[in-house]
Amino acid sequence: REHGRGLRQQPDPRVAQRATEDPAFVHVPARAWMALFGALTSWAVYRAARAAKLGVGALAAAMASATCLLNIQISTHERPWAATVFFGALAAWKTVEFSVDGRRRELVLAGCAAALAFACHPSGLAFLALPAFAWLLAPRAWRGAELKRRVIDGFACVATFVVVALLAGHAYYLRYGAPSDSQVIGGGRHDFVVPIGGQGVRFDVSFDAVARLSISLFGYDPVLVVLGLTGLAFALRVRALVPTMLAMLVIAGAALVNPSDHVRYLLPASMLLTLPAGVLVERMWSRRAGRVVALALFTVPLGQALRFDWVLRREDTRAEAERVLAALAPEAVIAVDNYGPQVELSRAALERVGKLRELYAREALRAKYFEAGLEPPTGAGVNAIQCEDLFGVDAQSLVYGVNENPAVRALGTTPSEVLAALGVTHLVLAERRRSDARPLAALVANSVPLAVVDPSADGERSAEAFLPTEMDFPLTGLWSVDRPGPRLEVHALRR
């Protein structure tokens, strides 16, 4: 309704204030949409497999998509990854149909779906490889009338992609042009970067994370990886699937060597991997033993999906830690480690932060309540400060220490000096990976924590505690915790 007011009119400030006070007002609907897109991806995969003339293999491909743990986890986030992959699945469907009948309409629709994926997120640009390979491998000659038809088909697809991508997701180019480095996350820090919206797409190559990402993807979806890679040889024999399989290999390779080494960048390839998995299951299904093996294998991703759902329904460790911090003495001043709870700040805390940096939107709104003599709707808050406002890793030396903010540097040259200058009495340490060094742990060495909030399932410290964000190796990590959130320790600092 607010968008219906027109681009030239400002939205209702009451809506903006409510969204600032209560982010769930916009986050929950966004997450509901992403969950819907994640579920619909299975339908699109099924249609793509049916277009390739698969029978039970189409159901297997849809099942592999529905139980793909990486897709399920990303579908719980409000970021547009699930929508991007859904439109990528639509592009795959239309690509397969074009490979079957060669109709221009299917190629144009594949380009349109790829454009919608690109409109959702810059990574959706990868799905343009689907209609591109279908066009290149179309069973038409490269001369005479067939060449003319091929050129027209390609032009129609590309033109559709450009128009839909601009109007649906990147219309700002028409009015403002390309974003500057200052408007792009990490802008100006790397070479071979093309800015798209507020994010830069890197085109340089790094092989440093290939092994780690491959292992992580296997940990997310071992059955899908095994069935998909094994079935790839059979899928390449299905002419309708050849362009999609080649595109999948390109997309997977690009994600593996991209310096932005997040396992979620492999989600498009994981979605496409369901198709060769379906081809393999179709071949296995003709024998009784094959049916038994296939059904047994699918209990693994189904078990992972159910476990993930159960764990995420439980309270996050940071929610419990917030109650622990609220129960500390009123004079307590708390420093919260990276990945710790994002507590609501008290008036004194907001005044302290305001001297170090500009207040963020929610903080500024809380400050206005206090200035008006009112208590914010979420309560009086906690006298705390986030360590990320004080410390960081130096880009040159890679040493953790006081950040470059002059206002922070004026307080001291070491973390202990800065915390002492701010009168910090308590420190919250967060641990997401047991093997990782915790730079601030030296400040409380040999001290017994006042409280520990541990997500471990068996009482022993889990090797990883990344949920609800991406995990290292979910095949074991998902079963080593019984709630989301990192391990948290609350320490009293020695004065």
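A cavity is a set of grid points, taken over the protein atoms alone, where a 1.4 Å probe fits but cannot get out. The structure in these exercises is a predicted model.

**Exercise 1.** Find how many cavities of 30 Å³ or more there are, and describe the largest cavity.

*Solution.* Begin with the count, which comes to three cavities of 30 Å³ or more.

**Exercise 2.** Check whether the span of helix H6 (residues 104-120) agrees with its number of residues, and then say what covers its buried residues.

*Solution.* The expected span is 1.5 Å times one less than the number of residues, so the 17 residues of H6 should span 24 Å. The end C-alpha atoms of H6 are 25 Å apart, which agrees with that expectation. Among the buried residues of H6 are Glu106, Leu107, Gly111 and Phe118. The cover over the buried residues of H6 includes helix H5 (81-101), helix H7 (129-136), helix H8 (144-169) and strand E1 (193-196).

**Exercise 3.** Work out the order of the strands in the five-stranded open sheet, and follow the pairing at E8.

*Solution.* The order is E4-E3-E7-E9-E8, with mixed pairing. Strands E4 (384-386) and E8 (451-453) are the edge strands, since each pairs on one side only. E8 pairs with strand E9 (residues 487-492) in the antiparallel sense over three bridges, and valine 453 stands opposite leucine 488 in E9.

Methods. Residues numbered from 1 in each chain as written. Predicted model: local features only at pLDDT ≥ 70, side-chain atom pairs only at ≥ 80, totals over all residues. Heavy atoms only, no water. Pairing = 2+ DSSP bridges. Helix = DSSP H or I, 4+ residues; strand = E, 2+ residues; numbered from the N terminus. Buried < 20%, exposed > 50% of the residue type's maximum accessible area, 1.4 Å probe, protein only. Contact = heavy atoms within 4.5 Å. 1 Å grid on protein atoms, 1.4 Å probe; cavity = no way out; pocket = protein on both sides within 12 Å on 5 of 7 lines; lining within 4 Å. Points joined across faces, edges and corners; volume = space filled by probe spheres on them.
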